[in-house]
Amino acid sequence: MSKRGPRSDALARRLARVESRNVTWLGDSFPVFWEAASGCHVVDVDGSEYVDLTAGFAVAACGHGHPRVVRAIREQAGRLVHGMGDVHPPAIKVELLERLAELLPYDEPRVVLGVTGSDAVEAALKTAALATGRPGVVAFSGAYHGLGYGALSVTDRSLFRAPFEPQLNPAVLRAPFPHPYRPPAGLPGGPAAGPAALEALEELLDGPGGDAVGAVVLEPIQGRGGEVVPPAGFLPGVRDLCRERDLLLVADEIYTGFGRAGARFAVEAEGVVPDLLCVGKALSGGMPISACAGPASVMDAWPASGGEAIHTSTFLGHPLACAAALASLEVLEEEGLAARAREVGGRWLDELRRLGEAHPCVGDVRGRGLAIGLDLVRDPGTREPDPELARRVVLDALDEGWLVLVGGPDGNVLSLTPPLVIEEALLTEATSMLDRVLAAAGF
Ligand SMILES: Cc1ncc(COP(=O)(O)O)c(C=O)c1O
C-alpha cells in the first residue's frame, strides 16, 4: 500500500502547476515531500518515516542534520549570512580553505570554491585549458560530471546531452571506461577490462584530435553511472599515461570524496594523486558548496586577480556553506567515517552478494565502501538491463519506508549510498527489505 499521504498528494498537484515539467517526476505514489530529517531517517509531510539509503544524493555522509553541522550553520547565520566571496570575503572562507589545505594530497594546495558539483568540474576544465593551452579533454563512457554546459560536455548520457549537443565542447573525446560487468563496445569484461581500457585510451590519444587533448577527467568509481568500480591498476595506469604524455589528470570525487568509498579520497586506495581534484556533496553535509583543488604548480595557471576575477560567482565562499563544511569535515575526520564506510560497507557488500545469489534478477552486486549497486537484469544470461524492475523496487521500497535511487545509464541499477553513520542493524534490515521486494517484484 502506498505510504504517500494526502499532504504529499496535494503538494504534488501544486508543484505541477508551478514547476517546469522536466524537473520532478510525479507519479501516483511518488515522490513524498520531505518535512524533516535526522541521521538516517526522513519524515515526510504526512508524518511517514523512511530510512534514507541515498544520503540525499550522497550528501549527508555524517547523517542528515548532524547537530554539529546544524549548530555551526545557526551560529554563522547569527553573525553573517552573506559576504562578498571574491571581493571582501567572509573570514570563514579563509578558515575553510586552510582546513581543506590540510586534507588535500598537495604540499602547496590552491583551491577554487564553487556552489555545485558542476561548478567544480568546470573550474577544473578551465584550469586544465589554462595550464596546458589545449582545449581537448578525454572523458569516459558512462561518466557523470554534472549538467552545466561545461560539465555536460564531459558527461556521457544521451538523455542529458542530445537536446544540447550542438552547443557542447567539440574537443571532448570519449574513451571506454572499464566496466567489468557491462563492458562498452570493443572492450572485454572482468579483470581484462582495465588493461584493454588503457590500450583504448592510448589509441584515442594517438588518433584524430588527440594532439589537442590537455586533460583526462574521470570518476575513480562511477557513481551515477551505476556504482562502477574499475579493475585494480586502471587508475594508476591512467596516472602514468597522463604523466608520460604531459596531460593533466582530473579526478572528479564529488560523489566519492570524503569517505564514501572507504578512504578520504577514492584515488588514495590506489596510491594515485591527481593533478586536479573536484569535491562537493559530502564536503558540507548539506549546504551547497564544492571545490576544485590542485597544487600551486598547476593552479597558478590562473592569472593573479587584477581586481576582476575571471572565474567567480556571487555566492562563492558562502559563509553558511563554509561553516557547514568546517563542521562536517570535523565530524567526518573525528568519527573516522571513511574507515567506517570501508569496514561496514565491506560487510554489507558481502551480505548483498549473498542476496544477489538468491535472486537471478540481480545480475551483479558491486561497489566499494558505502557506494554499492545492484544491477537488475531481465535475464542473467543476456544481462539485458531491467529498468522497469528497478523502478518497481524503488516504489515498493518506498511503500515499506525506505528511500532508494536508481542509477546507471539504463536506469536498472539500485544505487545504495546511505549515510556513513548508518547502524549495521539497519543495513541488515535493508537487505531483508530488498529480499522481500525482489521476491515479490523480480524472479
Ligand atoms: C561524480 C559527480 N560529478 C559531478 C556531479 C554534479 O554535481 P551537482 O549535481 O552538484 O552539479 C555529480 C552529481 O551527482 C557527480 O556524482
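In the predicted model, D52 touches W34, C40, V42, H64, L403, P418 and P419, residues up to four places away in sequence being left out of the count; contact here denotes heavy atoms within 4.5 Å. Because the model is predicted, local features require pLDDT of at least 70 and side-chain atom pairs pLDDT 80 or more, whereas totals for chains, interfaces and linings use all residues. Residues are numbered from 1 along each chain as its sequence is written, and side-chain values rest on heavy atoms, with hydrogens and water left out.

D52 belongs to strand β3 (residues 49-52), strands being DSSP runs of E of at least two residues, numbered from the N terminus. The side chain of D52 forms a polar contact of 2.6 Å with the side chain of H64 and reaches the backbone nitrogen of G56 at 3.0 Å. A polar contact is a pair of N or O atoms within 3.5 Å; within protein, one must be able to donate a hydrogen and the other to accept it, and residues adjacent in sequence count only if both atoms are side-chain atoms.

D52 is buried but has no salt bridge, and the nearest side chain of opposite charge, that of R260, is 8.4 Å away. Lys and Arg are taken as positive and Asp and Glu as negative, with His and the chain ends not counted; a salt bridge requires a side-chain nitrogen of Lys or Arg within 4 Å of a carboxyl oxygen of Asp or Glu. R260 lies in the loop between β8 (248-252) and β9 (276-279) and counts as buried because its relative accessibility is 2%, the limits being under 20% for buried and over 50% for exposed, with partly exposed in between (1.4 Å probe, protein chains only). The side chain of R260 reaches the backbone oxygen of P418 at 2.9 Å, and a polar atom of this side chain lies 3.4 Å from the backbone oxygen of T417.

Strand β3 is part of an open sheet of four strands, with the order β1-β2-β3-β14 and mixed pairing. The edge strands, β1 (34-38) and β14 (402-403), each pair on one side only; pairing requires at least two DSSP bridges between two strands. β1 pairs with β2 (residues 41-44) in the antiparallel sense over four bridges, and S38 stands opposite H41 in β2.

At the ligand, a nitrogen atom is 2.6 Å from an N or O atom in the side chain of D252, and an oxygen atom lies 3.0 Å from a polar side-chain atom of K281.
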